[in-house]
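Subject: Handover of a structure for your review

Dear colleague,

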Amino acid sequence: MAELQEVNITEEKPLLPGQTPEAAKTHSVETPYGSVTFTVYGTPKPKRPAIFTYHDVGLNYKTCFKPLFDFGDMQEIIKNFVRVHVEAPGMEEGAPVFPLGYQYPSLDQLADMIPAILQYLNFSTIIGVGVGAGAYILSRFALLNPDVVEGLVLINIDCNAKGWMDWAAHKLTGLTSSISEMILEHLFSQEELSGDSELVQRYRDIIMHAPNLENIELFWNSYNNRRDLHFERRGDANLKCPVMLVVGDQAPYEDAVVECNSKLDPTKTSFLKMADSGGQPQLTQPGKLTEAFKYFVQGMGYMASSCMTRLSRSRTASLTSRASIDSGRSRTASQSSESGIVPSGSPGHTMEVSS
Ligand code: BEZ
């Protein structure tokens, strides 16, 4: 039986008048690769998967996902699901620094820790939402556990191991840059970093002053040592569930996500390329991502328009009718709606989102 500790967390989300706070509970379970911490929001909904998130290197579940899950229109969606936000070992707030010589789990081992979490919670299926390293970990988990993963939203995924050219570049950068600089370059584009927006300043501050920077470096090393996911477009070794790939155009991982899209089953995959969103679309464009996520879960048969408020129902109807008018045109062309998003209806489409 997995060992566990429970910690009650005070909700930080501003509440509307009359709203009661939703309990967030943090747990830890022991796994063969060490202890893993996760926070659960909401209550399990019968016959519905849990939304299960995994953050990127340099972030934790709050710094990676809070702006998205706190976004106003997102509440309409997430109230229908319990959410589980996992943190890679040593990334949770207040985590002690691992002792020297600690063997940090590989990304494959991080994926192998997930069953212990689901077993502990008694959850049978999930919709995974992952960013960067988190997207890789959830994909690896989905390859090994296709019956558990109903859908995947993969932001900034790189499904390839680093090639020797990448290694050479990485080694050279390592000679002149600190770990925090390399992680900032992984998260944000050069343009964003030199633009030095308030968001970039905030994340630079968080990463440069992280009390667990040694732990972050270990997770970063595991990320850089990842193996190829070896997706085969026409083979068995592929994701079996609906997938929404997301990347910002001009973002550091744009080419990697384009390549990943070429390897996935086009009948199950939608590709959302977001203009002006930089490297972290879930932080900079939570509204557009929320809208795309809504179509994604609706496409999976959850959240029929009848479970939405009248306001969001009418907004969806107007977008859907606009999409059906567009359906005779090439889907790969840039399309727009009042929000800049055209629902794909079915997978296999490229959606380009403008601001
Ligand atoms: C959630 O409601 O699932 C959530 C809230 C705050 C941060 C992350 C997730």
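**Helix α7 and its neighbours**

The crossing of α7 and α9 is right-handed, a term that applies when the near helix is turned clockwise from the far one by less than a right angle, anticlockwise being left-handed. Please note that this is a predicted model, in which local features need pLDDT of at least 70 and side-chain atom pairs count only at pLDDT 80 or more, while totals for chains, interfaces and linings use all residues. Residues are numbered from 1 along each chain as its sequence is written, and side-chain values use heavy atoms, with hydrogens and water left out.

Two packed helices are described by the angle between their axes and the distance between the axes. For α7 (residues 179-187) and α9 (residues 198-208), the axes come within 10 Å and cross at roughly 140°. This makes α7 oblique to α9; angles under 35 degrees count as roughly parallel, over 145 as roughly antiparallel, 65 to 115 as roughly perpendicular and the rest as oblique. Axes here are lines fitted to C-alpha atoms, for helices over the stretch in contact, with angles running from 0 to 180 degrees between N-to-C directions. From α7, Ser180, Glu181, Ile183, Leu184 and Leu187 meet Tyr203, Arg204, Ile207 and Met208 of α9 (contact: heavy atoms within 4.5 Å). By class, this contact of α7 with α9 has 6 nonpolar, 1 polar and 2 charged residues (nonpolar: Ala, Val, Leu, Ile, Met, Phe, Trp, Tyr, Cys and Pro; charged: Asp, Glu, Lys and Arg; polar: the others, Gly among them).

The axes of α6 (residues 164-176) and α7 come within 8 Å and cross at roughly 130°, and these two helices are therefore oblique to each other. His170, Thr173, Gly174 and Thr176 of α6 make the contact with Glu181, Met182 and Glu185 of α7. The contact of α6 with α7 has 1 nonpolar, 4 polar and 2 charged residues by class.

**Burial and the chain as a whole**

In α11 (residues 254-263), Glu254, Ala256, Val257 and Cys260 are buried (under 20% relative accessible area, with exposed over 50% and partly exposed in between; 1.4 Å probe, protein chains only). Seen down the axis of α11, its buried residues fall within an arc of 160°, so they line one face of the helix; the arc is that of the directions from the helix axis to the C-beta atoms. Their cover includes β8 (243-248) and β9 (269-274).

The protein chain has 14 helices and 10 strands (DSSP runs, numbered from the N terminus: H or I of at least four residues, and E of at least two). Of its 355 residues, 53% count as buried.
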